[in-house]
Amino acid sequence: MVDWRKKWRRRFIARYIVYLEVFGYLFVGVVVVAIALLFFFKVDDVSQAYSNPLIKPHEQEVSQKTDVIVLNVLVRNHAEVAKEQPLAEVCDDPAWVRRYQAAQHSDSLIAALDRTADRRELMPDEKVLQEALKKASEHWEVRLARMPKVFLRAPLAGVAVVEDGLAGQVVPAGKEIVHILDFNDLRISSDLRGANLADARVGQPIKVEALTTYGNGEILRGDFDRSGQWRWKKRHGQFNSVAAGKIKDILQDHFKGEVVTLEEDTLFAVSKVTEVDLQGTLRVEDAPDAGGGLDPEPFSETPILGHVIEGTHTALVRFLDLPDSLQARVEGALLEKLKAQVVRSLDGSAFSVKGIRDLKVTVKMEGDEKGLKKAYLDGAEPLLTEKVERKFIFEAKIDNPSPALKAKVRELALAGTPTYIKTKTEVVVGQRRIA
């Protein structure tokens, strides 16, 4: 009697062995390709910028190293200016600045005496002082008309930001007089923290995701669902300030004073609704485009690229063991200062210092890559430190910003209260294998 199970097995092997072999080869091939991909192919190794850095225009302030008198402002606030265009007419001669300040004090005294005269009759000595000051003021006006003048010029092309009432002011040395915003040159400044920031360098690319949450705090993210449209063709958009604050007002009226429970049973009473995020599907139909209407926020999903143009490695470290001679010098300098002082504890008790022990030194310092390489070549021994905090402080420039991005940054920066676009920014510090 023939065993039907053996007969079925021989028939199955005869019919399907070829397919099993092909499947086996394909499986092995896929595994080999997967291993090759994991071993040879690399992905970007990124370091996340701390907090939410902002997209800002490159700006440069115009100031002087000495006190100056601003005689005349030659540009309007938010006016477009060209590089080297005169911005203001000033006098920076120290002697003339002192004379001008004296004239200002004289005018203030005259104004005070005039106000007094409106209330009562001036005393004889006050009248004499008033007449003398008025003659001196006329003399000052004649002399100050001859003061030397120089022009402050724009260091770069852009938009000038000028304070109201600047003409006639004395601006102290180093204080901003005018500053220029270049909206064709957008920058991001932040710092990196984390395990791989040691690999951060100037020139590395950055990846930026714009967080389009500006506006009055009302955001609608919606999908457009058109009748008869294929699902894979569905479009979507984001709209800010869509209801002009009405939704926030509705929710504020409802929630104000309500008690809300947070994790760990923490309670708080709602005082104000600050942001509202709405998400939904909008049923729509085609409409003629006659202009106007609601435009979606631009570049909300458009990748923004750039590169690091400036960067410095910094660290806050505590030294475990300073050289004895250096430790003694530090303690000696500190003790010399404290011996001449009375120090007080938190309860108000007063003490005189006789000595210092167990002094630990924490120092913030900047790193120099070129100096580091030279130190290693010279065989320098590194100091023993306990790292407390390390950062890479950088400034990056956005490559070829889109017109929409430049327009939005300009709109926000030149508003009555300037604001800026928050981002999620990553610096590509290198590449790593997938596995």
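Let me start with a definition: patches are made of residues with over 30% relative accessible area and no salt bridge, with like charges joined within 9 Å and nonpolar side chains (Val, Leu, Ile, Met, Phe, Trp, Tyr) within 5 Å. A salt bridge is a side-chain nitrogen of Lys or Arg within 4 Å of a carboxyl oxygen of Asp or Glu. Accessible areas use the Shrake-Rupley method with a 1.4 Å probe, and for residues only the protein chains shown count as cover.

Now the ground rules. This is a predicted model, where local features need pLDDT of at least 70, side-chain atom pairs count only at pLDDT 80 or more, and totals for chains, interfaces and linings use all residues. Residues are numbered from 1 along each chain as its sequence is written, and side-chain values use heavy atoms, without hydrogens and water.

Overview next. The protein has 7 helices and 21 strands (DSSP runs numbered from the N terminus: H or I of at least four residues for helices, E of at least two for strands). Of its 435 residues, 27% are buried. Buried means under 20% relative accessible area, exposed over 50%, and partly exposed in between, with a 1.4 Å probe and protein chains only.

First, the surface. Val-33, Leu-37, Leu-38, Phe-39, Phe-40, Phe-41, Val-43 and Ile-434 make a nonpolar patch of about 740 Å² accessible area together. Helix α1, residues 4–40, gives the largest share, 5 residues. Phe-41 sits in the loop between α1 and β1 (42–48).

Now inside. The largest nonpolar core has 30 residues, and Ile-55, Leu-192, Phe-394, Leu-405 and Ile-421 have the most contacts inside it. Such a core is a set of buried Ala, Val, Leu, Ile, Met, Phe, Trp, Tyr and Cys residues joined through side-chain atoms within 4.5 Å. Strand β9 gives the most to this core, 5 residues. Apart from it lies another core of 18 residues, including Ala-88 and Leu-166.

Helix α7, residues 403–413, has Leu-405, Lys-408, Val-409, Leu-412 and Ala-413 as its buried residues. They cover an arc of only 125° around the axis, so they lie on the same side of α7. That arc is taken over the directions from the helix axis to the C-beta atoms.

Last, charges. The structure holds 7 salt bridges. Lys-207 pairs with Asp-44, with the closest N and O atoms 3.0 Å apart. Lys-207 is in strand β10 and Asp-44 in strand β1, so the pair ties together parts 163 residues apart in sequence. Asp-185 and Arg-187 meet at 2.8 Å, N to O. Both Asp-185 and Arg-187 are buried.
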